[in-house]
Amino acid sequence: MSNNPIQTHLQEAIQRANAQALDISIAQPAKEFFARSHQLLYSYNFSWLSRPIIQYPQDIVAFQEVVSQVKPDLILETGIAHGGSLVLSASLLCLLDVMEGLDPRQSPRKVVGVDIDIRPHNRQALDEHPLRFKIELIEGSSIDPEIIQQVRSHADGVDRVLVSLDSNHTHEHVLAELNAYADLVSVGSYCIVFDTVVEDLPAGSFPDRPWDVGNNPKTAVHEWLKTHPEFEIDKDIDNKLLISVAPDGYLKKNPASSIYCDS
């Protein structure tokens, strides 16, 4: 056990999380809660600094922990909706600046959000938000070559990059996003793929959407990882949360020295 109190806490938390993930008396009710809460639109009940954030609180906390660990200079997000996730990212980047003795308005840290359709009322709300100075908005399909080039240009010369994929949830689209942006992720950072939980819900849970069991972010993640051994699923996060829209979706990029392939 480490002599560092923080490291000791983290190690003990991982041990507890791994144990609880194997405990059917809590793991099964967690799955049942998610299935029913999804039907009740539970994730639509929350906001972050006055902007609706369509997310489960557990994933919001996990995202904060990832940002605190990685300390990214740039967060790239696909999928904007009401802008709550962008405001969350912007606020966390401001906190990093303050903790490092930087002026958030002078710091180059920023979050770049891309969406195929930024509704006028959402754009106006973001334009009027106090954290707008930390946010860049790009309208267009996240897999359009011109948009990809525009998004990637923001990563030029940036040391630490975190990527969050949360737009169209079909297998084909997410696979294209992973191929377009995941290589920008810095070593030790993450590409977070949201809504992988679609694969774990009953078939037909999204009758008005093109994604379903067998065609969703999790199927894309598993296919993509077959040819990208530099990334691995951070199961410690899954085990800790139990309730999450992104099981198998927290993908951590490893140092080159830890990458190997079976012969």
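A: Of the 263 residues in the chain, 46% count as buried; the model is a predicted one. The radius of gyration is 18 Å, in agreement with the value near 18 Å for a compact globule of 263 residues. Along its principal axes, the C-alpha trace spans about 50 × 45 × 45 Å. The accessible surface of the chain is about 13,400 Å², and carbon and sulfur atoms account for 53% of that area. The chain holds 9 helices and 9 strands. Of the contacts between residues at least 6 apart in sequence, 69% join residues at least 24 apart.

The helix to examine is α7, residues 171-181. It is largely enclosed by the rest of the structure, because 8 of its 11 residues are buried. The buried residues are H171, H173, V174, L175, E177, L178, A180 and Y181. In an α-helix there are 3.6 residues a turn, so residues three or four places apart point the same way. The list for α7 includes such pairs, among them H171 with V174 and V174 with L178.

What do the buried residues of α7 pack against? The partners include four strands by name: β3 (74-78), β6 (161-165), β7 (190-193) and β9 (250-253). Helices α6 (145-153) and α8 (217-225) are also partners.

Two of these strands lead on to other details. C191 lies within the residue range given for β7, and C191 is buried at a relative accessible area of 0%. Another cysteine, C94, is also counted as buried, at 10% relative accessibility. The count of disulfides in the model is 0.

The loop between α9 (235-241) and β9 holds D248. D248 has a phi near 70 degrees, a positive value in a residue other than glycine. With a relative accessible area of 9%, D248 is buried. L49 likewise has a positive phi, near 50 degrees, and is not a glycine. L49 sits in the loop between β1 (47-48) and β2 (51-52), and is partly exposed, with a relative accessible area of 49%.

Elsewhere in the chain, strands β4 (residues 110-115) and β5 (residues 135-139) run parallel and are joined by 5 bridges. The path from β4 to β5 goes through helix α5 (residues 120-127), and this β-α-β crossover is right-handed. Within the pair, V114 stands opposite I138 of β5.

Notes: Residues numbered from 1 in each chain as written. Predicted model: local features only at pLDDT ≥ 70, side-chain atom pairs only at ≥ 80, totals over all residues. Heavy atoms only, no water. Disulfide = S-S within 2.5 Å. Buried < 20%, exposed > 50% of the residue type's maximum accessible area, 1.4 Å probe, protein only. Pairing = 2+ DSSP bridges. Helix = DSSP H or I, 4+ residues; strand = E, 2+ residues; numbered from the N terminus. Right-handed = clockwise from strand over helix to strand, strands pointing away. Rg over C-alpha atoms; globule rule 2.2 N^0.38 Å. Contact = heavy atoms within 4.5 Å. Areas by Shrake-Rupley, 256 points an atom, 1.4 Å probe, with all protein chains shown as cover.
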